[in-house]
Amino acid sequence: MPQNESHIHHNDETTLTTSSSQSQHCTPILTLHLREPQDPILVPNSDTLCTTTMASTNSTSTDPLPSSSSDDIAVKAVNKRYEGLVTVRTKAIKGKGAWYWAHLEPILVRNPDTGVPKSVKLKCSLCDSVFSASNPSRTASEHLKRGTCSNFSSGLKPGSVPSPLPISSVAGSNRKRGSPGSPLPYQNHALAMVEIGYPQVHGNTVNQQNQHHLVLSGGKEDLCALAMFEDSVKKLKSPKTSPGPALSKDQVNSALELLADWFYECCGSVSLSTIEHRKFQAFLGQVGLPAATSLRREISGPRLDARFSEAKAESEAKIRDAMFFQVASDGWKNRNWYSLCCGGENLVKFMVNLPNGTSVFQKAVFTGGVVSSKYAEEVLWETVTGVSGSVVQSCVGIVADKFKAKALRNLEIQNHWMVNTSCQLQGFISLIKDFNNELPLFRVVTENCIKVANFVNNESQVRNIFVKYRMQELDYAGLLRVPSPKCDPLKNFASVFPMLEDILTCARVIQMVMLEDTFKVMCMEDPLAREVAGMVQNEGFWNELEAVYSLVKLIKGMVQDMEAERPLLGRCLPLWEELRTKVKEWCAKYNVVEGPVEKILEKRFRKNYHPAWSAAFILDPLYLIKDTSGKYLPPFKCLTREQEKDVDKLLTRLASREEAHVVLMELMKWRSEGLDPLYAQAVQMKQRDPVTGKMKVANPLSSRLVWETCLCELKSLGKIAVRLIFLHATSCGFKSNWSFIRKISANKNSRIGLERAQKMIYIAAHAKLERRDFSSEEEKDAELLAMTGSEDGMLAEVYADATLV
């Protein structure tokens, strides 16, 4: 087949272009950019192929030269591409991008005649080589990582064998340079880039060049395989060459320790089998760490035992330093998602709350199915004795998410110094269930919304129209979420709330569906369609839906605040009072009768109420009220007569028989004199949280410290006060993910496996509580996926315009 070739010399580079002479078919051109090294001895011969495939065309002719307007568009595209790459490189240098941008620099190539930008290239800052900017990642991989750049690696080691001449250059060893008659002496070229393109067409003629070129039976797809084959040849020639930098023994141990800690603290999120993944093994080899088999033994063997012993010793030391503590138990409540991943079993977590505001993990226990109150009582007391040893009086009390009426109450009666309370989070969540079960408004809204959602999802014509408009209005084409047929929506409101949220979000979309001619025709024939249309077009439907949704959102917002703030026992009464005020405002806004709503609210309050709420509220200096005389006095006027009696009874029970009357006398003094205004103002001083922006107490521990220093004359009352006001009102410490639970569930029948899983869970929980991380990995992943990163958007825009350059 006749062929043409051309040679271009520029800055010690040779560009060899080979094309076919056929004019009927447009065949690829193989363009080789060859760079001559300054010193062939210092430059390792590590020629590697990298392919960039340009768009093909089936046409044998082109339109006339573009006009000035098309030139302007092309120039703008080039400038935009260049500016985008410069921005990405700037961010990468600051640590927010790929590593290779430290060595690759975008450059703007201009027309030598007009000075107008015509293309964007990438320049290697190590060897000054210039490449196409169409795929920076691949350019970095081929040029830097595979050894083509002589200055990127450390060069040839003593005694190493030079790399063989690439097979891909064998066919072109007789290439000619300059005039056709002058022979081309043998040169050790560094093959930087192979570009396969199609010849440029001008009018109805095609530039024809003759040259022998490399022909592979598999076509262009064989080029990558050829590059891999050359890599294998190089490895056989120098088998002792290390793929990564050599690390000292101390560096390896330090790296393994950090890697193991990361693995333990991500307990469940990262599987142990991940270490065997070939990509992860390749990464370990690149950074000079040992193979996966030895690393797997390191993580699950001695290193695990040592890390567990260290975490256990830290926790026990913190507990020994504290004079008293509180046990928090969470997980007794049956949750649907626990049942899904663990076959109906619950994971109960035990933590120890200390007076200095910190918490330490104690243990995790799997409970099979339904747990009796007697069993829970035994497990709770076993935990108390396991933490306190023989000095059980150091346990001030227990806070749990279940068993307030029986197990917690029995332990409190048997041990008079204990204050056992139920979790406030569960109290507020149970209030939502109470509204769903007892407030008729919830039942009406639920039934109407289920009818609308099922009609939209199940009727094909309506569904197609809904999906079209939802995509148009909300950029999302999904259906409405509805409760599972297996659950009763009137009893399980957690499955109903997402449906209410979807219908409110798609209110405009649903209204647009009702205005379609197709739907109007359907209403003439289908009575269900007429019923749904009547509901949707009725303003009362949307007012009731919004009322139910806003009430649930209100309570859920307070629950989320409690999860983040972890309030103490003295905060319980103010929280319920705040809820009462918001519910009254809600009733007024949506014209709901207050009587039934207040009745449900007070019923739940009485179920959760504990006399310690009132006592902690009175004794905590944080809630002192300034009277007309300037004194800061306890807020007795905020209590009912029954709650005042509860304070006296509780303090009498917690005090010894000899000190009971002394405590009541000191309580009277505290009620009449209060606290010095200067100290009271210091305790109540607040500052803005830099993360949430909310005002928070500047020093949360000052309430307890005041009783131990400034109010030391109230000795008997002070001993009770410091033990009461530090108690936590919630039992949640940190959120465990599904993998966290499955790790124990999968190993519960193996003693060794269960022991290892328990150790990993202990280390992970210890690390979470130490850095006060109370969120779950699922929540973090959801936040990351929901984020719209500006850098990602910029990268997508830059690479989308690459074809224009």
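Hi everyone, let's start with two strands: β5, residues 104-110, and β6, residues 117-124, pair in the antiparallel sense over seven bridges. Please keep in mind that this is a predicted model.

To find that pairing on your screen, look for Leu104, whose bridge partner in β6 is Cys124. Between β5 and β6 there are six residues, and the two strands form a hairpin. In its turn you'll find Gly115, with a positive phi of about 75°.

Now, what does β6 do next? It is joined by three bridges to strand β7, residues 130-132, and the two run antiparallel. Here the pair to click on is Leu122 with its bridge partner in β7, Phe131. β6 and β7 form a hairpin too, with five residues between them. The turn residue to look at there is Asp128, which has a positive phi of about 65°.

Helix α15 covers residues 507-514 and helix α17 covers residues 527-536. Their axes lie 11 Å apart, and the helices pack at an angle of about 135°. Angles over 145 degrees would count as roughly antiparallel and 65 to 115 as roughly perpendicular, so α15 and α17 are oblique to each other. The crossing of α15 past α17 is left-handed.

And which residues of α15 and α17 meet? From α15 we have Ile510, Gln511 and Met514, and from α17 Val532, Ala533 and Val536. Sorted by class, that contact has five nonpolar residues, one polar and no charged ones.

Definitions and conventions
Residues numbered from 1 in each chain as written. Predicted model: local features only at pLDDT ≥ 70, side-chain atom pairs only at ≥ 80, totals over all residues. Heavy atoms only, no water. Axes fitted to C-alpha atoms, helices over the stretch in contact; angles between N-to-C directions. Helix = DSSP H or I, 4+ residues; strand = E, 2+ residues; numbered from the N terminus. Parallel < 35°, antiparallel > 145°, perpendicular 65-115°, else oblique. Left-handed = near helix turned anticlockwise from the far one by under 90°. Contact = heavy atoms within 4.5 Å. Nonpolar A, V, L, I, M, F, W, Y, C, P; charged D, E, K, R; others polar. Pairing = 2+ DSSP bridges.
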